[in-house]
Amino acid sequence: MTQGLRTFLTFQGGAATGALDLYREVFDDFELVEIDHYGAGDVGPEGTVKVAVFRLAGGEFSCADSPVDHQWGLTPAVSLWIDCDDADELQRLFDRLSEGGQVYMPLDDYGFSTRFGWVGDRFGVTWQLNVR
C-alpha cells in the first residue's frame with residue numbers, strides 16, 4: 001500500500017545545509033519539519049545532513065547529503081514547478097534561485113504561459129516558475 005509521495009533531493013559534499021538555508025530565505029512558507037545530522041563515527045561526514053524533511057509551496061520534500069560519492073548529480077530533466085500569485089513574486093523567486101546557478105529559460109511569454117522562467121539553483125535543483 002502506498003504511504004505517500006515525497007520528492008527526495010540527494011546532495012553531495014555537505015550541500016544539503018546550504019540548500020536548506022537558501023530555501024528558508026527564499027520561500028516565505030518554508031518549514032523545516034525535521035532534520036538529523038551524521039554524528040562522529042557515522043557513515044557520513046560529521047555534521048552533514050543524514051536526512052531532512054521540509055515543506056515549501058504546498059509540497060513536502062526530503063533531502064540528504066549522500067555519504068556515497070555518486071557519479072551523477074541532479075538533472076534539469078526533473079524540476080520543481082512553482083505557481084506564483086503575481087509577476088513580482090515570480091521575479092523575486094527567479095532572481096534569488098538563479099543567483100550562482102543557471103538560467104535555462106529567461107522570464108518571458110512562451111505561449112503556454114504569459115510569464116514563465118526556468119532556473120537551476122547553485123545546488124543543482126531546477127525550478128520552473130510560472131504566474132498562474
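Is Ser98 buried or exposed, and what is its relative accessible area? Select Ser98 in this predicted model; the residue lies in helix H2. Ser98 is buried, because its relative accessible area is 16% and the cut-off for burial is under 20%.

**Around Ser98**

Display the side chain of Ser98 and follow it to the backbone oxygen of Asp95, which it reaches at 3.3 Å. Next, show the contacts of Ser98 beyond four places in sequence: these are Val103, Val119 and Gly120.

**Leu129 in strand E8**

Move to Leu129, a residue of strand E8. With a relative accessibility of 0%, Leu129 counts as buried. Setting aside the residues within four places in sequence, its contacts include Leu90, Leu93, Phe94 and Leu97. Also in contact with Leu129 are Ile82, Arg115, Phe116, Gly117 and Val119.

**Helix H1**

Select residues 15-26, which form helix H1. Does the span between its ends agree with the expected value, or disagree? At 1.5 Å a residue, the 12 residues should span 16 Å; the C-alpha atoms at the ends are 17 Å apart, which agrees.

Now colour the buried residues of H1: Ala15, Ala16, Ala19, Leu20, Leu22, Tyr23 and Val26. They lie on the same side of H1, because they cover an arc of only 160° around the axis. In an α-helix there are 3.6 residues a turn, so residues three or four places apart point the same way. To see what covers these buried residues, display strands E1 (7-11), E2 (31-37), E3 (49-56) and E4, together with helix H2 (87-98) and strand E8 (126-131), which are among the covering elements.

**Asp65 in strand E4**

The last stop is Asp65, in strand E4 (residues 59-65).

Display the side chain of Asp65 and trace it towards helix H1. The side chain reaches the backbone nitrogen of Ala15 at 3.1 Å and the backbone nitrogen of Ala16 at 2.9 Å. Both alanines are among the buried residues of H1. Beyond four places in sequence, Asp65 also touches Phe11, Gln12, Gly14, Thr17, Tyr38, Thr48 and Val49.

Key. Residues are numbered from 1 along each chain as its sequence is written. This is a predicted model: local features need pLDDT of at least 70, side-chain atom pairs count only at pLDDT 80 or more; totals for chains, interfaces and linings use all residues. Side-chain values use heavy atoms; hydrogens and water are left out. Helices (H or I, at least four residues) and strands (E, at least two) are DSSP runs, numbered from the N terminus. A polar contact is a pair of N or O atoms within 3.5 Å; within protein, one must be able to donate a hydrogen and the other to accept it, and residues adjacent in sequence count only if both atoms are side-chain atoms. Contact means heavy atoms within 4.5 Å. The expected span of a helix is 1.5 Å times one less than its number of residues. Buried means under 20% relative accessible area, exposed over 50%, partly exposed in between (1.4 Å probe, protein chains only). The arc is that of the directions from the helix axis to the C-beta atoms.
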